[in-house]
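Please look over the sequence and the structure shown here before reading on.

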Amino acid sequence: MLDPKSKDKAPNLSQYRDQRFSGSLREQERLLKTSSTLYIGNLSYYTTEEQLFELFGRAGDIRRVIMGIDRFTKTPCGFCFVEYYTREDAEHAMRYVNGTRLDDRIIRTDWDAGFIEGRQYGRGKHGGQVRDEYRKDFDPGRGGWNKMIATRKENERGPAGNLKME
């Protein structure tokens, strides 16, 4: 007999685990299996909370959206947390919103053990996300070049944007 739930991947956990989680791996996995909080990645730096409420609200009732921000500049840096009131609504978002396009970007959703104050800040050396520091391409939705390449290009050009004359 055909069982559609057998192919449903929404309740499944990914291999990712938050390395800064303060409890045991077993405790983190227990929380992930019951959580109603999602981590949303690959957002444009220009995506607003209103857009996130609009998109993720289609899956269920949202308790709150917490935008990820650059630790130093306090500007969005491409991720957020979406807390639902129920696990069922969060599973709907995993099924129907994961992999969709928002601000011309394919967004990713993953289970999160639950938002704790301080996790909204980027963990990269330059204040944003770590993954953006390794990006080698120009990405206008993520602020252009990664911070290390942008700093090197700025040093080559000088403050006025002109090439330095040696």
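What follows goes from the confidence of the model to its sheet, its helices and a few single residues.

This is a predicted model, in which local features need pLDDT of at least 70 and side-chain atom pairs count only at pLDDT 80 or more, while totals for chains, interfaces and linings use all residues. Residues are numbered from 1 along each chain as its sequence is written, and side-chain values use heavy atoms, with hydrogens and water left out.

The predictor's confidence in each residue is called pLDDT and runs from 0 to 100. For the protein, the mean pLDDT is 77, and 64% of the residues reach 70 or more. Helices (H or I, at least four residues) and strands (E, at least two) are DSSP runs, numbered from the N terminus. Over residues 127–131 pLDDT stays under 50. For that stretch the model has 20 contacts beyond four places in sequence, a contact meaning heavy atoms within 4.5 Å.

The strands come next. Two strands pair if DSSP finds at least two bridges between them. Four strands form an open sheet in the order β2-β3-β1-β6, with antiparallel pairing. Its edge strands, β2 and β6, each pair on one side only. On average, neighbouring strands of this sheet are turned by 25° against each other, direction ignored; axes are lines fitted to C-alpha atoms, for helices over the stretch in contact, and angles run from 0 to 180 degrees between N-to-C directions.

Strand β2 (residues 62–69) pairs with β3 over six bridges, in the antiparallel sense. Opposite Glu 83 in β3 stands Arg 64, and Ile 66 stands opposite Phe 81 in β3. The hairpin of β2 and β3 has six residues between the strands, and there Lys 74 takes a positive phi near 60°. β1 and β3 also pair in the antiparallel sense, over four bridges. Tyr 39 has Phe 81 in β3 as its bridge partner.

How much of β3 is buried? Eight of its nine residues are, where buried means under 20% relative accessible area, exposed over 50%, and partly exposed in between (1.4 Å probe, protein chains only).

Helices cover parts of this arrangement. α2 lies across β1, β2, β3 and β6 and runs at about 140° to β2. In helix α3 (residues 87–96), the buried residues are Arg 87, Asp 89, Ala 90, Glu 91, Ala 93 and Met 94. What covers them includes α1 (25–34), β1 (37–41), α2, β3 (76–84) and β6 (108–112).

Leu 38 lies in strand β1. Why does Leu 38 count as buried? Because its relative accessible area is 0%. Beyond its neighbours within four places in sequence, Leu 38 is in contact with residues including Cys 80, Val 82, Ala 90, Met 94 and Trp 111. Its C-alpha atom is separated by 8.0 Å from that of Gly 114, 76 residues apart along the chain.

Cys 77 counts as buried because its relative accessibility is 2%, and Cys 80 is buried with a relative accessible area of 0%. The structure holds zero disulfides, a disulfide being a pair of cysteine sulfur atoms within 2.5 Å.
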